[in-house]
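Thanks for coming, everyone. I'll take you on a short tour of one protein chain, stop by stop. Please bring it up on your screens.

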Amino acid sequence: MKEMLTFPSDFWWGTAWSAEQAEGRGNTGKAETVWEHWFKTEPSRFYQGIGPEVTTDHINRYKEDIRLMKETGHNSFRISISWARMFPDGGVGERNPKAISFYRDLLTEMNENGIKPFANLYHFDMPYVLQEKGGWESREVVNAYVNFATACFEEFGDLVYHWFTFNEPLGPILGSYLEDFHYPNLVDFKRGAQAAFNTILAHAKAIQSFKEKQLPSKIGVILNLSPTYPRSQNEFDVEAAEIADAFYTRSFLDPMVKGTFPKKLVKILQEYNQMPSYEENDLKVIAENTSQILGLNYYEPRRVKARLTEINKKSPFLPEWFFELHNMPGKKMNVYRGWEIYEKGIYDLCIDIRDNYGNIEAFISENGMGVANEERFLNEHGQIIDDYRIEFIKDHLAYVHKAIQAGCHIKGYHLWTFIDCWSWINAYKNRYGLVSLNLETQERTIKKSGEFYKKMSMDNGFEYETSKLG
């Protein structure tokens, strides 16, 4: 039997994307980012040789795009502000008046259309010249970031509803230092640990600056969090899951929300000589400047088991020294992305935040389904009929609704993404949007899911077969 699942009256319905994935280079003046540099030097690493030069051309089409936000039921939307655009000399120096004008116009247009702007300050797009100075391994870069963040607070503080210091800070650490999917493509855990610590310090220092401005908004962080499930309740599987969870979940969640570091992780890093260096006052700054709001990006669970083989100690130190991934038989998959679809994971994540992180004000800041070759689903009117995306959204939101009923302080849901956007080295291989994008003409067309999203937002809920919930 279907029931109407109704969400709180002030629930945030929206989507999210980033500057590097949507704006395009534009003509405001912009420093080269690590992505632009990497594409220039190794275009073959990028799907179909497509780089970030144009992407969704949002910088020239933002008024049209905001009209589409309204047509798809948005009352909120997350952008990111390009560090390289704000400081075209490479992250320091004079603020760029053309960038300031663009972002003020964009944010004003959003507010005038009843769309709350959520502004993220860093979404993987390091100015290349700062990467050459050490990137997040460098305290000089930490200071440059705080300067950038402060500039944004001062220039846009009257227009932004909520601020976020970082999106998925774990991503660049994994990609740049462990798994070879971000520039500069190193494999060096200790350098990665240093970059991670400095990222956490930059987050705290930006919050410190934010609090000095006494703005009416809140500031926090957006983390990609996967609940970690052991293969079994065997003590060795459970221990493996706890260690994986310390590396991939608590490593940023604990210091950025609680102001402390997970003891299990610190103990391992000390034992294997992988600890970062830091100054005496850093831990105090981190402890005193924690997130006021938390964004939860959820795509898939993490399933692990105890290792069955010995580690080659002459190989680079990696988290996988302590566990193996478990390929659970019978799991439901998004075959295009290679990710498990496990809707209950979003509920378990919310409960974890409720029980272990003070039930901090939070929202689902990303959740979505990338599908390849969506033109297969075009109807005679040129619209993509993506019933699979509608089902994905409803199945996850049903568990979000259940979490809210269980007392979780979840304030909204942002889908990834609004219009099909450029996805790092995958470019446009998988499409995630409520609105389809023609790469040749930049024409935007609302998908069936976009029509559903508007109705869901207007109704503040949807009908659902609640017997599907576990």
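Let's start with a charge and a ring. Lys258 lies over the face of Tyr357, 4.6 Å from the ring centre. There is another such case to look at. In that one, the charged end of Lys402 sits over the ring of Tyr347, at 5.0 Å from its centre. Keep in mind that this is a predicted model.

Next, rings with rings. How many aromatic pairs does the count come to? It comes to 57. Take Tyr103 and Phe156, an edge-to-face pair. Their centres are 5.9 Å apart, with 70° between the planes. This pair links distant parts of the chain. Tyr103 belongs to helix H5, Phe156 to helix H7, and 53 residues separate them. Both Tyr103 and Phe156 are buried.

Now Tyr122 and Phe166. Their ring centres lie 5.6 Å apart and their planes meet at 65°, so this pair is edge-to-face. Again, distant parts of the chain are linked. Tyr122 is in the loop between strand E4 and helix H6, while Phe166 is in strand E5, 44 residues apart. Tyr122 is buried, and Phe166 is too.

Rings also gather in a group. Trp35, Trp38, Phe39, Phe46, Phe124, Trp422 and Trp424 make up one aromatic cluster.

On to helix H3, residues 58–71. A straight helix of 14 residues would span 20 Å, yet H3 spans only 17 Å between its end C-alpha atoms. Where does H3 bend? At Glu64, by about 45°. Just after H3, Gly73 has a positive phi of about 85°.

Several residues of H3 are buried, among them Ile59, Tyr62 and Leu68. The buried residues of this helix pack against several elements, including helix H1, strand E3 and helix H5.

Is His58 buried or exposed? Its relative accessible area is 2%, so His58 is buried. Leaving out residues up to four places away in sequence, His58 touches Trp17, Ala22, Glu23, Asp65, Leu106 and Arg444.

Last stop, strand E9, residues 302–305. Both of its faces are covered. Arg302 and Val304 are buried on one side, Arg303 and Lys305 on the other. Strand E7 runs parallel to E9, joined by three bridges. Strand E10 runs antiparallel to E9, joined by two bridges.

Technical notes:
Residues are numbered from 1 along each chain as its sequence is written. This is a predicted model: local features need pLDDT of at least 70, side-chain atom pairs count only at pLDDT 80 or more; totals for chains, interfaces and linings use all residues. Side-chain values use heavy atoms; hydrogens and water are left out. Helices (H or I, at least four residues) and strands (E, at least two) are DSSP runs, numbered from the N terminus. The expected span of a helix is 1.5 Å times one less than its number of residues. The bend at a residue is the angle between axes fitted to the seven residues ending there and the seven starting there. Buried means under 20% relative accessible area, exposed over 50%, partly exposed in between (1.4 Å probe, protein chains only). Contact means heavy atoms within 4.5 Å. Two strands pair if DSSP finds at least two bridges between them. Rings of Phe, Tyr and Trp (its six-membered ring) pair if their centres lie within 6.5 Å; planes under 30 degrees apart count as stacked, over 60 as edge-to-face and the rest as tilted. A charge sits over a ring if NZ of Lys or CZ of Arg is within 6 Å of the ring centre and within 35 degrees of the ring normal.
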